[in-house]
Structure formats: structure tokens, C-alpha cells
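Colleague: I'd like to learn how to read aromatic rings in a protein model. Could you walk me through one?

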Amino acid sequence: MVTDNSPQPSGRSGASPHPGAESGGGANPVPVAAKAAAIDAAQEHPLAWKAVVKRALAVVVAGVAIYLVLPTLIAVLGAWPRLATLNPAWFAIAIAAELISFTANFGLQRLALRTRGWFAVVTAGLAGNAVTGSLPGGDAAGAAVQFSMLTHAGFDTDTAVGGLTAFSLLGVGGLLALPLLALPAILGGAAVSPGLVHTALLGLAGFALYAIFGVFLLRSERPLAAFGRAAQSAWNHLSRGRRPVTGLDTRLLAQRDTIRTVLGSKWPQAVLLTTGRLGFDFGCLLAALRATGASPRPSLVLLAYSAAGIIALLPATPGGLGIVEASLSGLLILAGVRPSNALLATLAYRIASYWLPLLAGPPAYLLYRHRYGQPTARPATPGTTGQPSQGS
């Protein structure tokens, strides 16, 4: 669904917690931010053999995943000639809904980064999303691109990482909460496929655990610090002979405090923007279904949407390519959509939420280069407020 992709810090996909976008960033956004910083800092050094092995493994995993879902992916892409049969008004509504969803997404990032500017946030987000959606295991690489562009535009490094981490956490939490909205229809006796019922129950359980874990992280200090020390000790034990990690407990507490500060009194706006981002992306899917002539029960489509979004959090393929098509089309069939309409609606939805934003990445990067020049890493400036220094 939408890129964060990204989880993801790279605009959507990833991290997004939407299938296909992004951001990205898997279910746990903190390592993505850390990987982004590590990639950014290591750009001037040659690749170590371990890095080469990891990247090769990511390519292999992506290849295997695409191979497993290839029949469904071919079936979805094979519906391309039938795009001419879509109702043009509903397809236009689907694209407009996705545009509003992306606007809410970037508004949430502006809130997390504590800036009123749009230009740097939008261009960096689209460029990072394009990287995430193009490369196997591209979540960290996309986050690194976005991180570097925001830093070059004048954002404080810590503000950028902390803000995008907070954004990713909110996105994942919102995605896990979606089955709550379909619960009344299920309890009301609506005919629901057992597969979708299980999806709803897993989503509710995941949201409960996520909420408990979030409250625990935001309110506790000693357990979080103890976890940091234990993880630091384990890492140093496993990586003997390399430079030891120090102060991980302090950094975890500082990151937690940054997230709490970013949300702070702005949490109503953050909740509203997160709701708008997910709601309009879901509206894009509904409009795509109506464009095919299908009119399934929205509550069942919501379950299919949320389940596909959770599946897309696993960064197996670039932008969830193949994974999203297979899961979403199959779940739409469980929701009562005819198979031919499910494939066509999935293709229309992916055009709006994945392919068009992917194509927007290179022009966004060129616009950024025209204003700011070549992005280069630079350390945080003491006392920086997080506002871009060049009128973004």
C-alpha cells in the first residue's frame, strides 16, 4: 500500500507500512535509521566482503521471493490491456486519493522533522522511496539517500533520524490498528471468509502487543537501559577483534526521548495525518475496485488491505514487488471480489501507489539537485533547530 515502504524512513515504502511503498523499513524502524546512518558514513570506504555477502544475499532472497509469486505477478501484469476498461472517473479518483495520501505522509514527516518547509521533505522522500522500491533490500539504502538529502538541506542529523523513526513507528501502529475498524462488521454477523477472520484476529493481537511495547518504551528507563547494555554486551562478544560498541544504553534512551519530544504536544496532528495517510490509500484501493465495476463490502476490503500491508512490511523484494500483488489480489478474492476484477484492481492500485511514485523519484532528485546541489554528508550543527537552512 503506501511506500513507507516506508519504513520506513524512505518516504513510504518502506517504510511505509503500506505494501509497495515504503517504507519502508520493515517492522522495526530503529535499525533502518541506524543502517541509513551507517551507509551514509561508510560511503567513502570500499565495500568489505561481509557487505558484499549481505547484498548478494538480499538479491538472492528477492529473486527467490519473486520466483515464488511469479505466476500471480504475471497474472496481475497480464491485466494491463484491460486497463482501458476501467471507469475513468473512478480511476481518476483513485489517483487523487493516493496523491492526498502522499501529501498526508509528507505532512507527517514535516511534523516529525519540526519544519514548515515542503520542498526538501517531498523531494527527499520521493527520491528515497524510488531507491527503496528499486533495489533488493533497499530499505536501508533508500533511508540513507533520504537521510543524506535532508541533512544536506540543513536538518540536524539527530532530528532527522529521530523524527523519521517516530514517523515509522506511527505508521506501523496505524497499520496494525486497521482490523479494529472491521471488527463491528464481523461481530455483526457479516459473511466473512475464515482466512480474513484469522487476519483480523492476528491484526488485533499484533496491535495490542505493539501498543503495550510502545507504552513500555516511552515510559520506562531502567528496563530499556538494561536491554541496551545486554545487547551491547552480546554484540561485543560476537564481534571480538573489532572495535567494541559503547554507550548503547545511553543512545537508546536519547532516541526514546527524541521520539517523545517529536510527538510531544503534536500527537493529535500526528494521529490525524497517520489516519489520513492510511485512509486515503485505502480509498485509492476502494476506488480502483469501483473502477472495475466491483463493489465488495468495504469492511472486508479493509481486512484484505491491512493484511497485505502487514505482509509488505517484510522487505523481501523491492517495494514489495510480487509480494503485494500476490497477497492483495488473493485477499481481495477472499473478500468476495471476482478473480478477474481482483487482478485488475490490484494492478490499478499498484500503478497509483507504487509505479507512479517510483517514476516521480528521479525528477524529484533533479529538482533537489537544482536547488541544493549534490547531497553530501555533514555532521550535525550544535544548536540547530531542525529547520532547513536554505528555505525549503
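Modeller: Gladly! Helix α15 holds both Tyr-368 and Tyr-372, four residues apart, about one turn of the helix. Helices here are DSSP runs (H or I, at least four residues), numbered from the N terminus. This is a predicted model, where local features need pLDDT of at least 70 and side-chain atom pairs count only at pLDDT 80 or more, while totals for chains, interfaces and linings use all residues. Residues are numbered from 1 along each chain as its sequence is written, and side-chain values use heavy atoms, leaving out hydrogens and water.

Colleague: How is a pair of aromatic rings described?

Modeller: By the distance of the centres and the angle of the planes. Rings of Phe, Tyr and Trp (its six-membered ring) pair if their centres lie within 6.5 Å; planes under 30 degrees apart count as stacked, over 60 as edge-to-face and the rest as tilted. Five aromatic pairs occur in the structure. For Tyr-354 and Trp-355, the centres are 4.8 Å apart and the planes meet at 75°, so this pair is edge-to-face.

Colleague: And what about Tyr-368 and Tyr-372?

Modeller: Their ring centres are 4.8 Å apart with planes at 45°, so that pair is tilted. Ring pairs also link Phe-119 with Tyr-368 and Tyr-372 in a cluster.

Colleague: Is Tyr-368 buried or exposed?

Modeller: Buried means under 20% relative accessible area, exposed over 50%, partly exposed in between (1.4 Å probe, protein chains only). Tyr-368 has 0%, so Tyr-368 is buried. Tyr-372, at 8%, counts as buried too, and Trp-355, at 31%, counts as partly exposed.

Conventions:
Helix = DSSP H or I, 4+ residues; strand = E, 2+ residues; numbered from the N terminus.
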